[in-house]
Amino acid sequence: MTATLESPSVGPVKRDPSGFTPVIARRKVTDKLALVLVSAALLIALAPLVWLLVTLIVRGISPILSADWWQFDELHGGAFNAIVGTLQQTLLAAVISIPVGIFVAIYLVEYGNKSVLARFTTFMVDILSGVPSIVAALFIYAVWRTTLGLPRSGFVVALALVLLMIPIVVRSTEEMLKIVPQDLREASYALGVPKWRTIVSIVLPTALSGIVTGVMLAVARVMGESAPVLILVGSTRAINNNPFEGNQQSLPLMMVQQYNNGPDALDKVWGAALTLVLIVAVIYFGAKLVSRLFAPKKA
């Protein structure tokens, strides 16, 4: 026999002889409706991204298929000078900001213990997270050029990019360190391992994949910034391999200049944009591969 239960909200509900209460129709409809809404939201979010990627490939694929694009500078119809400048400026910014950001995050999670310094640091990081790139560029200009009277160069651009990268690295690394189970730390302490060794050998490898993702988000953001390059370094159509002296080109600056040259130069604008996306993608997947190699092995 099938038992019948009375529910004040949904009325009588028949109970299966096995003891399980079947799902009522209203819940099934609600579940299907939620699935449809979530799927529709996903498609709405993906539509502009896919459209942007397809447009970027269609409009920018022609210039980058030429070998001259990767071998020669703008004086000879290529973009090698801008590629070199972008990579050097981003590398300098990453070398400075990534260690600083990771160390700050380690202090906030492992040593801060809600101290006054930790709260003040968190407050300043939150403020820096919302600073526009042009404000960071103007600050570096005021210090480097106006106060110290030093010349413009690619290294000065890197200093402005550091101000934009550090907050992202700190926040992402902090969140990744927080989700590392406390049991891992306590097990290491129980074996007599010092705290610094626990952080290096247990905590950081466990959170490495997420830390790398946050670092790459920071790199992707600063690599496409044009305001610091416009303010802090002069453009040049020739190759400058020295980021500490002289003018230096970058892909964002090249896009701005080529756009100002009129409709005939739009192919180079799209080509530079696609090149920038490809460089970010290569660096991202390379970093993810390295993080997998050094991540803890699963049993």
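Buried residues, meaning those under 20% relative accessible area with a 1.4 Å probe and protein chains only, make up 37% of the 299 residues in the chain. Keep in mind that this is a predicted model, where local features need pLDDT of at least 70, side-chain atom pairs count only at pLDDT 80 or more, and totals for chains, interfaces and linings use all residues. Numbering starts from 1 along each chain as its sequence is written, and side-chain values use heavy atoms, with hydrogens and water left out.

As for the fold, you'll find 12 helices and two strands, taken as DSSP runs (H or I, at least four residues, for helices; E, at least two, for strands) and numbered from the N terminus. Going from the N terminus, the order is β-β-α-α-α-α-α-α-α-α-α-α-α-α. The chain is more spread out than a compact globule, because its radius of gyration is 26 Å, well over the 19 Å that the globule rule gives for 299 residues. That radius is taken over C-alpha atoms, and the rule is 2.2 Å times the number of residues to the power 0.38. Along the principal axes, the C-alpha atoms fill a box of roughly 90 × 55 × 40 Å.

Now zoom in on helix α8, residues 195–206. Its 12 residues reach 15 Å from first C-alpha to last, close to the 16 Å expected at 1.5 Å a residue (1.5 Å times one less than the number of residues). T198, I199, V203 and P205 of α8 are buried. Their cover includes α3 (80–111), α6 (154–178), α7 (182–190) and α9 (208–223), with contact meaning heavy atoms within 4.5 Å.

Key:
Buried means under 20% relative accessible area, exposed over 50%, partly exposed in between (1.4 Å probe, protein chains only).
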